[in-house]
Each structure stands twice: as C-alpha cells, then as structure tokens.
Amino acid sequence: SPGSYIYNHQMWADNGSTGTVNMTFTVDKTGTYSVYFYWYSYGLTAPATITVEGSTVFSASLTPSGVGSTSTTGTFSASAGNTIGVATSFPSSGWAGHYIYIGGSSYNNRSIALTVNSDIPTSGVIKVSDFYGGRAS
C-alpha cells in the first residue's frame, strides 16, 4: 500500500470492458478504519463492497449524473489480525475510473486512534499484572 493509505486502488476500464477487483489484506491494529469511494464514468453504475472476516461492513453503488464523478465515504471497525476484503466489478463505456482508499482516522492517513491504557484499573487493589499491555500516552 503506497504512501498515506492502508489500502488503495485506482482502476480504469476502457471501451466497454469490465474492471474487477477482488483483494484481501490483514490489518495489524484494532480500531476504526475510514473508506473513500470515488467513481468517474459516463453515467454508469459501479458497486464496491468491503468485508471484515467475510461479513460486509461497507457497501455502496454509485452512479454519476451524466458524464462525471460521484463519491461516498464510510467507516468500519476491525480487530488486529482480521482479513479485510475489497471487491467490485464495474462497467465502462468510453472509459471509467474506480477508486477506493482505506485509511485509519481518515481515508488518507494510516494512523489508527488507539485507546490508551483502557484496561488498567484506576482504583482498588492494583497488581503488577494489571499493567501488562499498558503503554505511555
């Protein structure tokens, strides 16, 4: 994945062909992920589906008005070690562009906001083992 995205694709289809994407990847952090889906075509409809461990967490179907573009955004949650799937099959007439960007706190940022020390007790009897997994904020 290039640059500031966790995942992105920028796919084109020309002259009546069909573009397809069927990708999977694994995330290494638990958190909320952001999605940006952009579609440019001659008034055709394109879908996009994102799954976590096989369950759909984001689904959209975009159709621009005439020649042009349209977009939508969303968020989904995933846990460390989860497999994320990205799938689409989109049409073209002269040409069409299908873009999906997945990031952390925003679609163009790889950072995931993590809760700091949420499992460490703040009162009562405290044991050394309560601090395993804690981190400095």
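This report looks at the nonpolar core and the aromatic pairs of a predicted model.

**The core**

Let's start inside. The largest nonpolar core has 26 residues, and Ile 50, Phe 76, Ile 100 and Ile 102 touch the most other members. Who supplies this core? Eight strands each give at least two residues: S1 (7-14), S2 (18-26), S3 (31-42), S4 (46-52), S5 (55-62), S6 (67-78), S7 (83-91) and S8 (95-103).

Take Ile 102 as an example. Leaving aside residues up to four places away in sequence, Ile 102 touches a whole list of others, including Tyr 5, Phe 25, Val 35, Val 86 and Tyr 107.

**The rings**

Now for the aromatics: searching the whole structure turns up 13 aromatic pairs.

| Pair | Centre to centre | Angle between planes | Type |
|---|---|---|---|
| Tyr 40 and Trp 95 | 4.8 Å | 10° | stacked |
| Tyr 42 and Trp 95 | 5.4 Å | 65° | edge-to-face |

Why does the Tyr 40 pair count as stacked? Its planes are at 10°, and the cut-off for stacking is under 30 degrees.

Both pairs join strand S3 to strand S8. Tyr 40 is in S3 and Trp 95 in S8, so that pair ties together parts 55 residues apart in sequence. Tyr 42 is also in S3, so its pair with Trp 95 bridges 53 residues.

Note on methods:
Residues are numbered from 1 along each chain as its sequence is written. This is a predicted model: local features need pLDDT of at least 70, side-chain atom pairs count only at pLDDT 80 or more; totals for chains, interfaces and linings use all residues. Side-chain values use heavy atoms; hydrogens and water are left out. A nonpolar core is a set of buried Ala, Val, Leu, Ile, Met, Phe, Trp, Tyr and Cys residues joined through side-chain atoms within 4.5 Å. Buried means under 20% relative accessible area, exposed over 50%, partly exposed in between (1.4 Å probe, protein chains only). Helices (H or I, at least four residues) and strands (E, at least two) are DSSP runs, numbered from the N terminus. Contact means heavy atoms within 4.5 Å. Rings of Phe, Tyr and Trp (its six-membered ring) pair if their centres lie within 6.5 Å; planes under 30 degrees apart count as stacked, over 60 as edge-to-face and the rest as tilted.
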